[in-house]
Amino acid sequence: MNIISFIAKRVPVSEKQITKTIELLDDGATIPFISRYRKEMTGNLDEVEVGEIVKYKVAFEALQKRKESVIASIKEQDALTPELEKRITSAETLSEVEDLYLPYKKKRKTKASVAKEQGLEPLAKIIMEQREEEILFVASQYLNDTILNEELALQGARDIIAEWINENEKVRNKLRRLYQRKASITSTVVKTKKDEEEAQKYQQYFDWEEPLHKCPSHRLLAILRAENEKIVRVKILVPEEDALDIIDDVMIRSNVEACTDHMFLAIADAYKRLLAPGISSEVLKQAKEKADDNAIKVFAQNLKQLLLASPLGQKRILALDPGFKSGCKVVCLDKQGDLLHNENIYPHPPQREVTNGIKKIKSLVNAYKIEAIAIGNGTAARETEAFIKKIPFENPIQVFMVNESGASVYSASKIARAEFPSYDVTVRGAVSIGRRLADPLAELVKIDPKAIGVGQYQHDVDQGKLKQELDTVVMSCVNSVGINVNTASAPLLSYVSGIGEKLAENIVNYRSENGALQSREELKKIPRLGGKAYEQSAAFLRITAPKNPLDNSAVHPERYKLVSKMAKDAGVSLQELIGNKTAITKIKLQDYISEGVGLPTLTDIVKELEKPGVDPREKATIFEFDPNVKTINDLKTGMKLPGIVNNITNFGCFVDIGIKESGLVHISKLANEFISDVNAVVQLNQHISVTVIEIDIARKRIQLSLID
């Protein structure tokens, strides 16, 4: 089995497309670069398809590495036969490899190994053959100083047989199929934890059972979290009779009762002591991996929507991090997001310095020519919003509520300390809130995605898989938008195709020493930014107001000559061609097809010429909560309220309705028809209207509906 056929079985694209994609990946190309600038080579594969090829390429390489390790281990034992090596080499899953390795795996001392040391393996083989009618007499031939009677000899032989049954591929595969069809997951409460307050959130799992294949990912992860916190005990069960019948069918080969009676005892022991625990763990692990993949997928979708949220753009912003006793931290930012001023105001209880607060805000708005105000949506957010809206500004000022999840994580981070070494965490947090309004993507890349507050069970899933998927999402978002090389922070630059952390630092250092870059060509002067990095990154980096207008577009520098020829053929200058729909529509793409350039690339170039460097994100819009709803106590069933979707899960979405607690719209309340994908109905940060259908003040839970 080779990597191409392995991937082709799992990704619905041609082997030629896979081969070309792997060649590009092995040459150092990134997913965004391949999907955007090598369409002819890959047969027009998109980011998702290239990403799937990358995923299974990694899986294949891990499988190959394990095969090599297993073969080397068996070879050391002088037990590797050509047939066994061929079977291991051709195996397509890790479980196949592990089954083949199981008889040769170095084990700690077991009942079977002790019995073998006592010389009982020949007796075990005789019983396995199931022909000997005088097995008791045969067993008597194996007595010695440690095996004092026939029953001890037979018991030892059965221990060896139980291990052989456990290592039998056919038995294991048939049991796996049984578990896949009939396994149930059960959870029972640990009696000593039953009445503890922390355990009550898992109350529904105190006595729970359902088919494992029907258990949705969020429920499985919740049950496993409860087990991890030692609140419940979890078991994976199948009908024992069915399991024993399967093993009997494989292992019982005669009617010689003298032997088969011992075989039945060995089968029961093998199943209870070895097979059931092993297969149960394996099946649960596989179910957990599927649940992880599902949860990671939801997290990734949420993160993408959050990163591509509407930016306000380059505006002078006053940002507030609200608070009661500690006051509201106020910062003023220029159009580039640089800090101009910071101070505190105390308009809320206990100080209630409303007049002084109004005076300060008005003064700051005038002094720094503020164009918009950003308010963090945490404690005292609604009260601060009401306070700001009472202020009679000389000119209309847009007021935005900004999700501040993760701002405290950023404010204490190494990145924040490097950006603002002379300021405390409160200033850094307020700056982050203001910058999020201007450009959510540029600011959120500085924060560990797990701290942003979208998705569920992010700490319970495979952390390696999660990081890999989230890094891929961030890179995709950054490169789809395009980055201003002269204003982007090092964390933002590090996600640009082909750049990474070290080159990002080099770019920032180059800017500080030499001033703003004047062209993409100048990127080649940056230390360690060689030809490959330039090829991968240049088209995703923008130069504003450049000499060559294509430097502020998504056209790759390798196609500049081609575009210049288009302009010349159209009888206009390059500058005149860009944005000139009349001239662009006259371009006959067929005339420019060559060996390396086909219609997909030409079509992308023309689209870019029509609207060069356009930001794919929508502009930020103002949203207002119901002014009459400030706390959960203000809610009444039947109320219709404006809200913002602030989290999406497999079972529904959570909605911010302007109070501390978010409400849940269960998947069954999203529409009048059956919905299997929540993202098909709502998106993160979407403005929606919801109806309150249930309020549980004691548990602080709110049920909402999108159905009228």
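Which helix does Asp 249 lie in? I looked this up before anything else in the entry.

**Entry 1: a charged patch**

The model I am working from is a predicted one. I placed Asp 249 in helix 14, which runs over residues 240-251. I then checked its cover: the relative accessibility of Asp 249 is 62%, and because exposed means over 50%, the residue counts as exposed. On the surface, I found Asp 249 in a patch of negative charge.

**Entry 2: aromatic pairs**

I turned to the rings next. A pair of aromatic rings is described by the distance of the centres and the angle of the planes. With centres within 6.5 Å as the rule for pairing, I get a count of 7 aromatic pairs. One of them joins Tyr 205 and Trp 208, with ring centres 5.6 Å apart and planes at 80°. The pair is edge-to-face, because that label applies to planes over 60 degrees apart.

Phe 623 and Phe 625 are both buried.

**Entry 3: a ring cluster**

Which residues do ring pairs link into a cluster with Phe 540? I found Phe 33 and Tyr 37 joined with Phe 540 in this way.

Technical notes: Residues numbered from 1 in each chain as written. Predicted model: local features only at pLDDT ≥ 70, side-chain atom pairs only at ≥ 80, totals over all residues. Heavy atoms only, no water. Patch = residues over 30% accessible without salt bridge, like charges linked within 9 Å, V, L, I, M, F, W, Y side chains within 5 Å. Areas by Shrake-Rupley, 256 points an atom, 1.4 Å probe, with all protein chains shown as cover. Salt bridge = Lys/Arg side-chain N within 4 Å of Asp/Glu carboxyl O. Lys, Arg positive; Asp, Glu negative; His and termini not counted. Charge placed at Lys NZ, Arg CZ, Asp CG, Glu CD. Helix = DSSP H or I, 4+ residues; strand = E, 2+ residues; numbered from the N terminus. Buried < 20%, exposed > 50% of the residue type's maximum accessible area, 1.4 Å probe, protein only. Phe/Tyr/Trp six-rings, centres within 6.5 Å; stacked < 30°, edge-to-face > 60°.
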